[in-house]
Amino acid sequence: MTYTVNDKCIMCKHTDCVEVCPVDCFYEGENMLVINPDECIDCGVCEPECPEDAIRPDTDNEGRAWLDFNRKWSTAGWPVLTTKKDSLDPDGKHRDEPNKLEKYFKDK
Amino acid sequence: MKNLVISVPRLEIHRPPISTAIVAEVIRSTGHLVQALDLNCEFFHYLPNRQSYYSYDEIWDHERQPTFSELKNICKFIKSKCLPRMKSYDRYWISVFGGSATMFTELLCRFIRKYLKNKVIVLGGQGVNDASIVKKEMQFGEAMMKENLCDLYISGEGEHSVVEVLKGEIRGPGINGETPVQIDDIDSLPFPNYSFYNLDSYDYLTKNKEVFIVGSRGCVRRCTYCDVAKYWPKFRYRSGTNIAQEMITHYERHGVNNFYFTDSLINGSMKAFGDMCEILAKYNQDHHANFSWKGQFIFRPKRQLPKDHFALVSAAGGKEFYVGVETGSDKIRWEMDKKFTNEDIDFQLEEFNKHNINVIFLMLIGYVTERIDDHKETLAMFKRWQKYVATGTIKGIDLGQSLRFLEGTPLEKQIKQHDVYFLRSDESRKNYISTNLWQSKKNPDLDVPERIRRRIETHEEAIKYNWPIWRGAQRLNVIKGMMEKYLKFLQGQKEHPKKVVIENLNFFE
């Protein structure tokens, strides 16, 4: 079991989640975060921290659908993020915007 | 060099000591001769009965001086029962578990120095960092060194430091006051070895033998009032396989199938917890081991729980969980950073009920932001979950102490935010913040008398709905008496309570 980050994080990246992660398993891309599923201990502490509801357990379908994506990008050389940074979207302009993956995702 | 690992009063007597079972095994596994001696257990059997044993607690806790006859008895015990069993060893590793072990340790070391020549004394355990009894400005370990009552002292996690000392090192992390380093890979540490003890000599709570087990160090959560992170900044955990393997080892070696987890949370890492449960459930099925274990547990949002989770926990032997419910108010629980709701509790109580798992509620009445409506929600909790009291699923409730702003907690950092001031400065503590006599200007209705009133009202409500509460009505009367005394005191004061130095009114302490 693990938690995964989905496309609601893209262009928002509030990073509240990284501060509470006890095992530092968040990796930072240019405009989103992902979780390394093998490092995540499934403590569940990060999930309620996300104001975009972008973190889900893989026990539900939505969380499971992002498992491979999280595994791929967390092992692709993105750096670990352990402290909170300024949000990319403090005014909530990108909140609930559809198709963020197709529109904005960057593989760096 | 022959090593003797020693535990001293006061430890609990219901299970063998785990720390010395680990240290002894670390020494053995590096090829040294070692034996262990539990002087706490020896003292228990030396005294005529349980009552006599517990009567010394106030002495160990530094609440009173021993009488002449008690002191004589302790000295006689050391001289006639301890020293003869210690004299054939060369190096003593004394585990000072906490402040309540410092007095005996000091006496024991004085006797060793006087009667057993050329022995090496190494102290370790949390108690070495406690304030010294004699030299208050020093920590216990340092003071003992200064008095030549020990040769070395180890602070922090001892597993690696012990190995360094065995190699002849007298410097290094954790040794003689140097800052200790936390051990990252706790899976690599040896299991505690209980073969060093006579497991039949403990005062178990049931007919089954029970031992402590440590699955993790630190906590994944940061509940605002809790100071675990001060002592264990980083969360470290063992794999589920490793934990289960330890339990199976104790079962196969000693027939022990009851375990008490000392973890802050046994289900902090659901991954490790789930793996452990799977292995134990399978082992139970194949070997009829009848495992039974208990520990501190956290309720989770329902969506975070895998299907059939509690069936697996029960099959693995999960029997009794202590859960920090704290309040009946979702809002307050959220502000404590607990992150679960009454609905989540509903779901988990039902699951516990279905799978014969017992729960003990741990409560914290009078949180800094608690309003009267929040308190009413706490009172409503007793009716809401009374049916689980009736079925025996809720096995107890501990209403606990009133809130304190402990050093190193997230709440300590929020003192300004809540506009909190303190009603006394307490010379006997290192930090005045530890007192429960505080008030928040942002929540003026929740003054000290109101917190006491809410505590009493909660107690009465628990009794009304037959919740199993520690010493129930008897304890309630004690608290009521103290409240009366306190209110009389406050009424007699002309000055604002903020300026009053309140003595001997540690209501909840």
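At what angle do helix H11 and helix H12 of chain B pack, and how far apart are their axes? In this predicted model, H11 (residues 270-287) and H12 (residues 309-316) of chain B meet at an angle of about 55 degrees, and their axes lie 7 Å apart. Angles from 65 to 115 degrees would count as roughly perpendicular and those under 35 degrees as roughly parallel; H11(B) and H12(B) are therefore oblique to each other. The crossing of H11(B) past H12(B) is left-handed.

The residues that form this contact can be named. H11(B) contributes B:Cys277, B:Glu278, B:Leu280, B:Ala281 and B:Asn284, while H12(B) contributes B:Leu312, B:Val313, B:Ala315 and B:Ala316. Of the residues in this contact, seven are nonpolar, one is polar and one is charged.

A further helix of chain B, H8, spans residues 158-166. Its buried residues are B:Gly158, B:Ser161, B:Val162 and B:Val165. Viewed down the axis of H8(B), these buried residues fall within an arc of 105 degrees, so they line one face of the helix. The elements of chain B against which the buried residues of H8(B) pack are helix H1 (18-29), strand E4 (120-124) and strand E5 (152-154). After H8(B) comes B:Gly168, which has a positive phi, near 100 degrees.

The discussion now turns to the two chains together. Chain A places 14 residues in contact with 16 residues of chain B. On the side of chain A that touches chain B, nine residues are nonpolar, two are polar and three are charged.

How values were computed:
Residues are numbered from 1 along each chain as its sequence is written. Chains are lettered from A and ligands numbered from 1 in the order in which they are written. This is a predicted model: local features need pLDDT of at least 70, side-chain atom pairs count only at pLDDT 80 or more; totals for chains, interfaces and linings use all residues. Axes are lines fitted to C-alpha atoms, for helices over the stretch in contact, and angles run from 0 to 180 degrees between N-to-C directions. Helices (H or I, at least four residues) and strands (E, at least two) are DSSP runs, numbered from the N terminus. Angles under 35 degrees count as roughly parallel, over 145 as roughly antiparallel, 65 to 115 as roughly perpendicular and the rest as oblique. A crossing is left-handed if the near helix is turned anticlockwise from the far one by less than a right angle, and right-handed if clockwise. Two residues are in contact if their C-beta atoms, placed from the backbone, lie within 7 Å. Ala, Val, Leu, Ile, Met, Phe, Trp, Tyr, Cys and Pro count as nonpolar, Asp, Glu, Lys and Arg as charged, and the others, Gly among them, as polar. A residue is buried if 20 or more other C-beta atoms lie within 10 Å of its own, exposed if 12 or fewer, and partly exposed in between; C-beta atoms are placed from the backbone. The arc is that of the directions from the helix axis to the C-beta atoms.
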